[in-house]
Amino acid sequence: MANLKTAEKKTKAQSMGLHTEVLTGKTQQKFFNPDEAENFFYWGAYDVDFNKRTDLDVKDMNCKEANRRIDELMSQGYGTIVIKNPQGKHSLGVGILNKLNLIFEGSLGYFGVGSIDGPMVRVNGRVGWSCAENMMAGKVVIEKNAGSCFGAAIRGGDLICKGSVGARTGIDQKGGTIIVGGDAGAFTGFMMQRGRIIIMGDVGINLGDSMYDGTIYVGGKIGSFGSDAIESPMTKSDIDWLKRKLKVAELGENFDVSKMTKVVAGKKLWNYDALEPTEKKGAI
Amino acid sequence: MCGIAGLIHRGKSSNVGSELQLMLQALKHRGPDSTGYALYAENDGKNFIMRFKVGENVGEGSTSINEDASVYDKRKKLVDNTLGELGAKVIKEDQLTPYSFRYEMQFNDDLMEFSKKIESIESVEILSIGKSLELIKDLGDAATVSERYGLGNVKGTHAIGHARMATESGVDIKSAHPFWGYPFSDVSVVHNGQLTNYWNNRRVLENKGMRFMSECDSELIAVYLAEKMRNGATLEEGMKDSLTGLDGVFTYFVATKDSLGMAKDTMAAKPLVLYESDDLVAMGSEEIAIRSILPQEIDTYDPFDGEVKVWQI
């Protein structure tokens, strides 16, 4: 590990403006150094070939068996895996930290493709609660509807639902993009911290309640704004980005993104105040 | 946690006993303590069917006090005597377990007074009264309860059921779902969630003459809706009113002799997946419940917050 405190020559990461702070103490370490490409891959990640394709029928498997089998297939170099008969089972396709083209021919239950980092997933069906929770990177496309907590706490990647989604979509979102072709329920973007949400249809009550940061775009009606969520003017860069993103999502070919409502954090909650509550008390 | 399931066939009957069993068994992981069925069966519609219990299941896992089985006979005789005094004519009687019975009977007077008299006998609880409603609940999973009560071949138009994980009250039949919408014939309710203004509502409703048999918060929904309907509200009106009258998180189903309804609280905190076609509506806490009777690829969705829906047979 490079010693950033004493290194005289700047690393590539530092040249890019990353990690310019002097790290001290026993926890100092280096993250995502582009000089060392292997840092971008998980230990034990498989070298798979997207052209090597296989089917996996999970009708008579429980989720542990199915997930173990997916792992085995990746270890054999299969880069495209088609899951047959998922039949609403929970926790299928979770924890995949690998490049992979994963296709589900049917619907998933709870926590489908949760905690993934890298795969491209397509679900030719519906997903239950907490789909792609904690996703780090990759692309997930749901062809039908999704349940509540869609994309909870995702940190990166593109999560797309072509149908409608339930309540609390993007709760605690920390990055990435969530795109919904239909409507979304109450508390969309609840406690959102970073990233973007695009809802092409209507949203329910308390949109963006207690959001810290991030941006929500809504194409239809808004039930109500949540605490500290406010409307913000659309800019040209918003419009350009939305057009690009919806094209990637295979949605909204003729959708007029310029008419969408942009919602951001008002940052008036106490935690945005320059003073801590105890200091504020003293000032009063 | 608890799991709920329901289905309604529109325009025809089906084997709702076995269908609901499959749906509830798929939800067993959400509630292994007890299972309940409210089946709207193909009966001739002439007589009332009363299901009642004279004691509790004291088997493994039960939180009930162990009683000598001889008390069941004494209580059953008291019920028979009271039925005679009330002018009810018993056409057929079946003993299903040492503590539970099914009577077919003729009765023409007020069901509220009738129920009060019967339930004044120690430890006697009417599980349901109706002309098509068959309400069965007991400890164990869906398959166990179905086998114990012979539900596998029950044909009917619609049904709701519940797999319970006991959190607010004991592991016993009186706290199990479904709850009968006392004193209305053929009304039943199942619930997933927690109600936080239970005691406030209970005090008000008891002052209006309504009865509670358990301390399970879910019973409030049945009593709440029954009281609304008693005052002239339709089922759907009562359900819409409950969205503000009941505090907490809930998804519940209610069924009457010819309809099935669902309501979801304004926080949408409890799950529900719904499949709707021209001839069948099936819904459950999780999609696997629906898949257990419809394995083919189908379109399902989550109802939104504050949504109320009612379907007719």
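Residues are numbered from 1 along each chain as its sequence is written, and chains are lettered from A and ligands numbered from 1 in the order in which they are written. Because the model is predicted, local features need pLDDT of at least 70 and side-chain atom pairs count only at pLDDT 80 or more, while totals for chains, interfaces and linings use all residues.

The predictor assigns the complex an ipTM of 0.82 and a pTM of 0.85.

Two helix pairs in chain B show how its elements pack. Helices (DSSP runs of H or I, at least four residues) and strands (runs of E, at least two) are numbered from the N terminus. Helix α2 (residues 70-86) and helix α3 (residues 111-119) of chain B have axes 9 Å apart, at an angle of about 150°. Here the axes are lines fitted to C-alpha atoms over the stretch in contact, and angles run from 0 to 180 degrees between N-to-C directions. The angle makes α2(B) roughly antiparallel to α3(B); under 35 degrees counts as roughly parallel, over 145 as roughly antiparallel, 65 to 115 as roughly perpendicular and the rest as oblique. The crossing is right-handed, meaning that the near helix is turned clockwise from the far one by less than a right angle, anticlockwise being left-handed. Val79(B), Thr82(B) and Leu86(B) of α2(B) make the contact with Phe114(B), Lys117(B) and Ile118(B) of α3(B), where contact requires C-beta atoms, placed from the backbone, within 7 Å. By class, this contact has four nonpolar, one polar and one charged residues. Ala, Val, Leu, Ile, Met, Phe, Trp, Tyr, Cys and Pro count as nonpolar, Asp, Glu, Lys and Arg as charged, and the others, Gly among them, as polar.

The second pair is helix α6 (residues 219-230) and helix α7 (residues 235-245) of chain B, whose axes come within 9 Å and cross at roughly 125°. The two helices are therefore oblique to each other, and their crossing is right-handed. Residues of α6(B) in the contact include Tyr224(B) and Met229(B), and those of α7(B) include Met239(B) and Gly245(B). The contact has six nonpolar, three polar and three charged residues.

Next come the backbone positions. In chain B, a cis peptide bond with omega of about -5° joins His177(B) and Pro178(B); Pro178(B) sits in the loop between β8 (156-164) and β9 (179-180). Another cis peptide bond, with omega of about 5°, joins Tyr182(B) and Pro183(B), and Pro183(B) is in the loop between β9 and β10 (188-195).

In chain A, Met191(A) is not a glycine but has a positive phi of about 55°. Met191(A) lies between β7 (174-180) and β8 (194-199) of chain A, in the loop. It counts as partly exposed because it has 17 C-beta neighbours inside 10 Å. A residue is buried with 20 or more other C-beta atoms within 10 Å of its own, exposed with 12 or fewer, and partly exposed in between, the C-beta atoms being placed from the backbone. Asn206(A) also has a positive phi, near 60°, and belongs to the loop between β8 and β9 (215-218) of chain A. With 25 such neighbours inside 10 Å, Asn206(A) counts as buried.

Finally, the interface takes 16 residues from chain B and 20 residues from chain A. Helix α8 (residues 287-291) of chain B supplies the largest share of the chain B side, three residues. That side has eight nonpolar, one polar and seven charged residues.

Key. Two residues are in contact if their C-beta atoms, placed from the backbone, lie within 7 Å.
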